[in-house]
Amino acid sequence: MTNRGPDLNRRKFLSATTAGLVSAGLVKLVPSCSEAKQETPADDDSGKEMICRKLGRTGYEVPIVGFGIMNASNPELVHAACEAGVRYFNASAGYQFGRIEEHLGRAVNRLKIRDKVVIATSEFDYNKLRGISPVEVKRKMITSCEGSLRRLGTDYIDIFYVYEADNPRDINDQAVIESLMALKDQGKIRYTGVTTHSNMAHVIEGVTRNGFFDLVLTSINFTMADDTKLLKAISDAAAKGVAVVGMKVMAGGTRWPNPESRKNYSSSTIAKACLKWVMRNENIATCIPGFVNFEHMRQDLSVAYDLEYTEEEAKFVSDNGIKLGIGFCRQCRKCLASCPEGVDIPTLMRTHMYAAQYGDFYKARATIDGIPSASGLKACARCSSCQARCASTVDITHRVDELKTIYA
Ligand code: SF4
Ligand code: SF4
């Protein structure tokens, strides 16, 4: 089927500046999602409306394509995304030392659309909060939230996440829950969520059972089509009003996956096919592709108007050679037993993805530094040949070697 979504002229997008898209009449401001449905770009003659979904029980409704702004170094891109109708922004206090929150805050405030966008951010992951007293957890989380509010130039955060839950026990951490309740009582945050990219099905089940968190941000992409447990957990969560938001939707930077896929499919086909696979699942409220330029933004946002696959896109998502060749690490932890040194291979593989696929060496460095040294890359330095084996298709040996070259 032909994709008749908006195909904005590349030159016009590339020339988008602070006031570019709006003043050029390409895209009108979108005061709310219901109005977004009537505000298609001016040169889109398809008559299609932006598809929006409810963010679970929060009552918010947002377009099905949001923006993970981790690598959005260009403030104009954040601004253009606001103008183009993006309404869900995923930031973090840790992205580029807080600079990303500042970009987002400036764009939203300049456009005067604070009440029309959903801002999700946070700083802490469960690892950083373990082993400290409840009083200290609360102090840290409140201080961190106040820092985010300052950088964002706002007096409330819509979604405050706690990162990297990898165990259902994390979800029940009372010190974290009480800190989040205090932040809610103070009016600093509105809703809460957890993120997970390891042991996702169990974590999502925990979120659904616990009932405290309103959202879960999870890894999900077309290479996981056979993960029935995860898909069921997502469906059960959605049925209980937990908003499921998709990340790693391009299987870790699948715009440039491997020579084989680039040979057979265009970058645009790959990006759109990946996003469509995720968002054709109606249990997923929205997703956060991390577009880093205007061309990527154009491609990704076109999916918000049309989820039908083109022939090429359908071929891509069902191409087993591609799925296996990408070597996306699902963080399943099944490789752990194969390493004699007890190295945290899943986190090393995630580090590799940040460095090799996202090109985000700062995030990679921060991730690698977060691994206790006994189970980190230093242990690999003692190993002359890697015996670790992936239960899927990740070439652990090759990636560990590359990490050693960069970081050891
Ligand atoms: S490297 Fe393979 S086995 Fe290990 S966590 Fe990743 S996908 Fe699972
Ligand atoms: S090189 Fe491979 S087998 Fe050796 S410690 Fe590292 S992950 Fe384990």
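I found that the second largest pocket lies between domain 1 (10-320) and domain 2 (336-407), because both give residues to its lining. The domain bounds come from an automatic or database domain assignment. I noted that this is a predicted model, in which local features need pLDDT of at least 70, side-chain atom pairs count only at pLDDT 80 or more, and totals for chains, interfaces and linings use all residues. Residues are numbered from 1 along each chain as its sequence is written, chains are lettered from A and ligands numbered from 1 in the order in which they are written, and side-chain values use heavy atoms, with hydrogens and water left out.

I wrote down the search rule before going on. On a 1 Å grid over the protein atoms alone, a pocket is an open set of points with protein on both sides within 12 Å along at least five of seven lines, a cavity is a set where a 1.4 Å probe fits but cannot get out, and lining residues have an atom within 4 Å of a point. Points are joined across faces, edges and corners, and a volume is the space filled by probe spheres set on them.

The volume of the second largest pocket is about 470 Å³. I count 23 residues in its lining, and Asp 227, Arg 330, Gln 331, Cys 332 and Lys 334 are the closest to its centre. Helices α10 (200-210), α11 (228-239) and α17 each supply at least two lining residues; helices here are DSSP runs (H or I, at least four residues) and strands are E runs of at least two, numbered from the N terminus. The lining divides into 14 nonpolar, four polar and five charged residues, where Ala, Val, Leu, Ile, Met, Phe, Trp, Tyr, Cys and Pro count as nonpolar, Asp, Glu, Lys and Arg as charged, and the others, Gly among them, as polar.

Ligand 1 takes the space of this second largest pocket, on the test that more than half of a molecule's atoms lie within 2 Å of the grid points. The residues around ligand 1 include Cys 329, Cys 332, Cys 335 and Cys 390, a residue being near if one of its heavy atoms lies within 4 Å. By class, the shell of ligand 1 has eight nonpolar, one polar and three charged residues.

**Largest pocket**

Where does the largest pocket lie? It lies between domain 1 and domain 2, since both give residues to its lining. I read about 1200 Å³ for the largest pocket. Its lining has 49 residues, of which Glu 164, His 197, Arg 350, Tyr 354 and Lys 363 are the closest to the centre. Helix α18 gives the most to this lining, with five residues. By class I have 19 nonpolar, 18 polar and twelve charged residues for the largest pocket.

The largest cavity holds about 130 Å³. Cys 339, Cys 380, Cys 383, Cys 386 and Val 400 are the closest to its centre among 16 lining residues. Helix α20 (396-407) gives the most to the lining of the largest cavity, with three residues.

Which ligand takes the space of the largest cavity? It is ligand 2. Among the residues surrounding ligand 2 are Cys 339, Cys 380, Cys 383 and Cys 386. Its shell has eight nonpolar, one polar and one charged residues.
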